[in-house]
Amino acid sequence: MASEFQRRKVAGVFHAMDADGNGYLDESDFVTLTERWAGVRGWEPGTANHDRMRTIMMGWWSALATLSDADHDDLVSLDELMNVVDQLPAMGDAVYATADVMFDAIDQDGDDRIALAEHKQVVYAWKGSDDGVEQVFAKLDADGDGQLSREEFRELWSGFWRGDDPASPSQWVLGTY
């Protein structure tokens with residue numbers, strides 16, 4: 001069972017994704033997140049980048065709904081999401097696959113690195129603010145090279161979703177919680 005710390009950090013992400021604030025995640029929340037993220041990047045509907053972002057976000061919704069929507073009402077509550085979080089320690093391959101997809105979405109210029117500016121965009125798109133991201137990014141960048149490699153991001157993503165150590169830098173991968 002998830003600790004209080006895990007529930008608090010996942011709840012922060014849940015509420016950021018709950019675009020309409022109704023207390024549930026549904027497909028429309030992921031459409032809104034897509035539009036926010038594409039808007040931050042200046043991608044118009046119908047462009048290749050916009051379509052790619054929509055595919056990524058809707059794929060994430062589909063996977064989340066399949067794993068989490070226990071009562072099949074096309075809504076995912078925080079409790080339903082937490083039931084999946086409880087299973088993540090045994091789902092390493094799935095967590096890393098999600099990390100890779102998110103890495104590709106964040107890496108706007110395709111250089112196989114996430115720069116601070118790219119990280120700020122995703123945090124802003126999800127939370128509506130990028131306050132404190134510079135300080136957080138420094139914690140995430142373990143080797144101090146100013147960027148996150150795919151492997152660094154995979155470990156941070158996995159540590160966020162599967163970890164329970166409040167002191168771990170991975171707790172900051174999605175900005176402040």
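**Entry 1. Arg-150 and Asp-100.** I looked up this pair and found that the side chains of Arg-150 and Asp-100 meet in a salt bridge, 3.7 Å from N to O. My cut-off for a salt bridge is a side-chain nitrogen of Lys or Arg within 4 Å of a carboxyl oxygen of Asp or Glu. Arg-150 lies in helix H8 (residues 150–162) and Asp-100 in helix H5 (residues 92–106), so the pair ties together parts that are 50 residues apart in sequence. I take helices (H or I, at least four residues) and strands (E, at least two) as DSSP runs, numbered from the N terminus.

I note that this is a predicted model, where local features need pLDDT of at least 70 and side-chain atom pairs count only at pLDDT 80 or more, while totals for chains, interfaces and linings use all residues. Residues are numbered from 1 along each chain as its sequence is written, and side-chain values use heavy atoms, with hydrogens and water left out.

Next I checked cover. Arg-150 is partly exposed at 24% relative accessible area, and Asp-100 is partly exposed at 21%. Here buried means under 20% relative accessible area, exposed over 50%, and partly exposed in between (1.4 Å probe, protein chains only).

**Entry 2. Further along H8.** I found Arg-154 and Glu-151 in a salt bridge, 3.9 Å from N to O. The two sit three residues apart in helix H8, about one helical turn. Glu-151 is partly exposed, at 44%. Salt bridges with shared partners join Asp-100, Asp-104, Asp-112, Arg-150, Glu-151 and Arg-154 into one network.

**Entry 3. The count, and Arg-7.** How many salt bridges does the rule give? I get eight. One joins the side chains of Arg-7 and Asp-79, at 2.7 Å from N to O. Arg-7 belongs to helix H1 (residues 4–17) and Asp-79 to helix H4 (residues 78–87), so this pair links parts 72 residues apart in sequence. Arg-7 is partly exposed at 30%, and Asp-79 is partly exposed at 46%.

**Entry 4. Negative patch.** I looked for charge on the surface. Glu-27, Asp-71, Asp-73 and Asp-74 gather there in a patch of negative charge. A patch takes residues with over 30% relative accessible area and no salt bridge, with like charges joined within 9 Å. Glu-27 sits in helix H2 (residues 27–41) and is partly exposed at 43%.

**Entry 5. Gly-144.** I placed Gly-144 in the loop between helix H7 (133–140) and strand E2 (147–149). Gly-144 is exposed, at 58%. Its C-alpha atom is 17 Å from that of Gly-132, twelve residues away along the chain.

Notes. Patch = residues over 30% accessible without salt bridge, like charges linked within 9 Å, V, L, I, M, F, W, Y side chains within 5 Å. Areas by Shrake-Rupley, 256 points an atom, 1.4 Å probe, with all protein chains shown as cover. Lys, Arg positive; Asp, Glu negative; His and termini not counted. Charge placed at Lys NZ, Arg CZ, Asp CG, Glu CD.
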